[in-house]
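Hi,

Here is the structure I promised to pass on. Have a look at it first, and my notes on its aromatic rings follow below.

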Amino acid sequence: MPASATKTRRVAVLADSDTRWKWGALTANRIAPEDSDIRLDGYLLRGRATPTPRQLQEVGVHADSLREVTAVEFLRTMAQESYDVLVLSLVGGGVQAMLHGLKRVWEGQAQRPVVVTGYVGVVYEKLADGLLLRHGADLVLANSRQDAERFRAVYDGVGADSSAVTEVALPFLGGEPYAGEHDPYTVVFAAQPSVPDSRKDRTYLLNRLIQHARKHPEREVLLKLRSKPGEHTTHIEELPYQKLVQGLEPPANFRLVYGNMGEVLDRTDLLVTISSTAALESLHRRIPTVVLTDLGVREVLGNHHFVGSGCLASWDQLDDGHRPTPDEEWVSRQGVCAGGTPSGGGSYEAAFDAARERIAKLLERPGGLPALTPYYTPATAPGYLPGILARHHLGPDGSPLPGAPAHDKEPGPVRQIVRRAARGAYRHGVQRVAPVIRRMGEL
């Protein structure tokens, strides 16, 4: 009897960074049937952004089991374990590799899990590339009405099946609605690891934040950071604000903070960012929210996504007391249910009803689910797909390449210790050595 016949759903989440673990695990809980419990097994894909224990604790999402794996190890596990739902919370290339690998390991099996994937936040770049790499999952989640329309248009435009696109909302929205100013009034700048990416621009933003603190000594001004130096998130951070602030002597009302974004928003009166998904969390709670225009409104920054939001403003305007008013229609189209209720009616929880219904129907499908059918195959993309699969030590047919790490056995204690040491050295190389080499090359 399949596991789906019981009241407890077995769900696996494969993630490759702290942010994607948060999205995947919370999504797994949101899309589970309301009348059932879930057993959540987490798998962290080994790589440069594998979350540290501190990052996992900060995310605040717990699993019944959690372990680190290579792609090949994960595929071997999926051939042996029986799950109801599998959430692939990975970068696009990782999703594509897993779809091909899973198609191979599930060949001939009567039952397989429902495979779900999507995006952790705002989709503002590589829309077609990322979407086509995710094609083949049973559900491709769109975090808003706007995204659902764009996703379907891309799939239909290349002749791919668009029926997997399912509108939901960001799974980490929530918290109490903004109830008025705190004492002290608190301004929070939500930093991003890679936006902007130049020392000049990051130093400019830091200086303006410090200037704001000096101009308003009665306020508390917080710089909310995603990671500590040496840690990686979804994106590489080569110039951490922690280093840039050294020697600037900010005033006493300026502080660096870490922690869960929702807890920081609990005391926020004004959220400022370039293009962070934190802006949508803030808007959901009706907290005054600003998307900065100081560095321009540009695709490379991602703030172009907020055109029409009513939230665009500059530091000069903020220093003078400006508070933007969000456009209600724009907010609704982004899947943000400001105040808990979207303009079209319904609640935030209802945003996941369609996904729950689709999963339930798929699990009840007579004879099980058909084989996974990604858009990219060795026939349709012979110059692109093999390279994507090879990065995860998979051949064109989804099978492990010769010499793939630990493809035939579980890693022993010594191998695990060596891996941890190697990953630490790798992170040091990317964080400290690579930027120096790049700067030397620019001399």
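**Aromatic rings**

A search through the whole structure turns up seven aromatic pairs. Rings of Phe, Tyr and Trp (its six-membered ring) pair if their centres lie within 6.5 Å; planes under 30 degrees apart count as stacked, over 60 as edge-to-face and the rest as tilted. One of the pairs is Y348 with F352: the ring centres are 5.7 Å apart and the planes sit at 85 degrees, so this one is edge-to-face.

Before I go on, this is a predicted model: local features need pLDDT of at least 70, side-chain atom pairs count only at pLDDT 80 or more, and totals for chains, interfaces and linings use all residues. Residues are numbered from 1 along each chain as its sequence is written, and side-chain values use heavy atoms, with hydrogens and water left out.

Back to that pair: Y348 is buried, at 7% relative accessible area, and F352 is buried too, at 1%. (Buried means under 20% relative accessible area, exposed over 50%, partly exposed in between, with a 1.4 Å probe and protein chains only.)

Y376 and Y384 also pair up, with ring centres 5.5 Å apart and planes at 85 degrees, so they are edge-to-face. Here Y376 is buried at 12%, whereas Y384 is partly exposed at 32%. Together with Y375, these two tyrosines form one aromatic cluster.

**Charges over rings**

R10 lies over the face of Y83, 4.4 Å from the ring centre. Likewise, R134 has its charged end over the ring of Y119, 3.9 Å from the centre. The rule used: NZ of Lys or CZ of Arg is within 6 Å of the ring centre and within 35 degrees of the ring normal.

Cheers
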